[in-house]
Amino acid sequence: MTAAVDTNVLIDLLTPGNVQAAESRARLTEASRLGALVISEATYAELSGAFRDGEGLELFLDDTGVSLEPSSREALHRAGEAWVVYSRRRPRALTCARCGAPQTVRCESCGETLRARQHLVADFLIGAHALVHADRLLTRDRGFYATYFPDLELA
């Protein structure tokens, strides 16, 4: 059983003191017992920022037993289809549930303006890649992937 691995699970392992690292490592170890672990080009690119060079990333992937599986045209097309659905649905700003007026809301702790969560096309590439090239996706972002890739098994 092949498991695709989302970037967030691997970043957990690379971030010192990450409270989710132990859980992510356990889930990754269990998935590797059941079969191959693969990542998409999008995950590879996102992980690259955590390393000084490609050699360090390759060593990390070797150590974790993860391999790069290139995306097929089918996976790329499915990513594009899901992106279109998301683009049509996503709110541009926070809005009042009663009247629909756009709102500016600031965080009480730091003063940052709150926005609706925005997903990047990379998220859709990762989901579609997992759907086409694996049996399931190992991720912490289950709600997002369940919404846009309902046929994808999430682990």
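Predicted model: local features only at pLDDT ≥ 70, side-chain atom pairs only at ≥ 80, totals over all residues.

Visitor: At what angle do helix 5 and helix 6 cross?

Guide: Helix 5 (residues 73-89) and helix 6 (residues 121-133) cross at roughly 135°, and their axes come within 8 Å. The two helices are therefore oblique to each other. As for the hand, the crossing of helix 5 and helix 6 is right-handed.

Visitor: Which residues make that contact?

Guide: From helix 5 you have Glu74, Ala75, Leu76, Arg78, Ala79, Ala82, Trp83 and Tyr86. Helix 6 brings Val121, Phe124, Leu125, Ala128, His129, Leu131, Val132 and His133. Sorted by class, the contact of helix 5 with helix 6 has twelve nonpolar, two polar and two charged residues.

Visitor: When I look at the numbering on a helix, what should I expect about which residues point the same way?

Guide: An α-helix has 3.6 residues a turn, so residues three or four places apart point the same way. Look back at helix 5 with that in mind: Ala75, Ala79, Ala82 and Tyr86 are among its contact residues.

Visitor: His129 was in that list. Is it buried or exposed?

Guide: Buried means under 20% relative accessible area. His129 has 1% relative accessibility, so it counts as buried. This histidine lies in helix 6. Leaving out residues up to four places away in sequence, His129 touches Val38, Ile39, Ser40, Glu69, Pro70, Ser71, Ala75 and Ala134.

Visitor: Which residues of helix 3 meet helix 6?

Guide: Start with the geometry. Helix 3 (residues 41-48) and helix 6 pack at about 130° with their axes 8 Å apart, and they are therefore oblique to each other. Ala42, Thr43 and Glu46 of helix 3 meet Ala122, Leu125 and Ile126 of helix 6. In this contact of helix 3 with helix 6, four residues are nonpolar, one is polar and one is charged.

Visitor: Let's turn to cores. What's the general idea?

Guide: In soluble globular proteins, nonpolar side chains tend to be buried together. Now for the case here: the largest nonpolar core has 18 residues, and Ala4, Phe124, Leu137, Tyr145, Tyr148 and Phe149 touch the most other members. Helix 5, helix 6 and helix 7 (142-148) each supply at least two residues of this core. The largest share comes from helix 6, with five residues.

Visitor: And where does the other core lie?

Guide: Apart from that one, there is another core of 16 residues, including Ala3, Leu28, Leu47 and Phe60.

Visitor: Going back to Tyr148, what is it in contact with?

Guide: Setting aside neighbours within four places in sequence, Tyr148 is in contact with Ala82, Val85, Tyr86, Arg89 and Phe124. Ala82 and Tyr86 also turned up in the contact of helix 5 with helix 6, as did Phe124.

Visitor: How does helix 1 pack with helix 2?

Guide: The packing angle is about 120°, and the axes are 8 Å apart. Helix 1 and helix 2 are therefore oblique to each other, and their crossing is left-handed. Val9, Leu10, Asp12 and Leu13 in helix 1 meet Ala21, Ser24, Arg25, Arg27 and Leu28 in helix 2. By class, this contact of helix 1 with helix 2 has five nonpolar, one polar and three charged residues.

Visitor: Does Leu34 count as buried, partly exposed or exposed?

Guide: Leu34 has 44% relative accessibility, so it counts as partly exposed. You'll find Leu34 in helix 2 (residues 21-34).

Visitor: Now the whole chain: how many helices and strands does it have?

Guide: The chain has seven helices and eight strands. Of its 155 residues, 35% are buried.

Technical notes:
Residues numbered from 1 in each chain as written. Heavy atoms only, no water. Axes fitted to C-alpha atoms, helices over the stretch in contact; angles between N-to-C directions. Helix = DSSP H or I, 4+ residues; strand = E, 2+ residues; numbered from the N terminus. Parallel < 35°, antiparallel > 145°, perpendicular 65-115°, else oblique. Left-handed = near helix turned anticlockwise from the far one by under 90°. Contact = heavy atoms within 4.5 Å. Nonpolar A, V, L, I, M, F, W, Y, C, P; charged D, E, K, R; others polar. Core = buried A, V, L, I, M, F, W, Y, C linked by side-chain atoms within 4.5 Å. Buried < 20%, exposed > 50% of the residue type's maximum accessible area, 1.4 Å probe, protein only.
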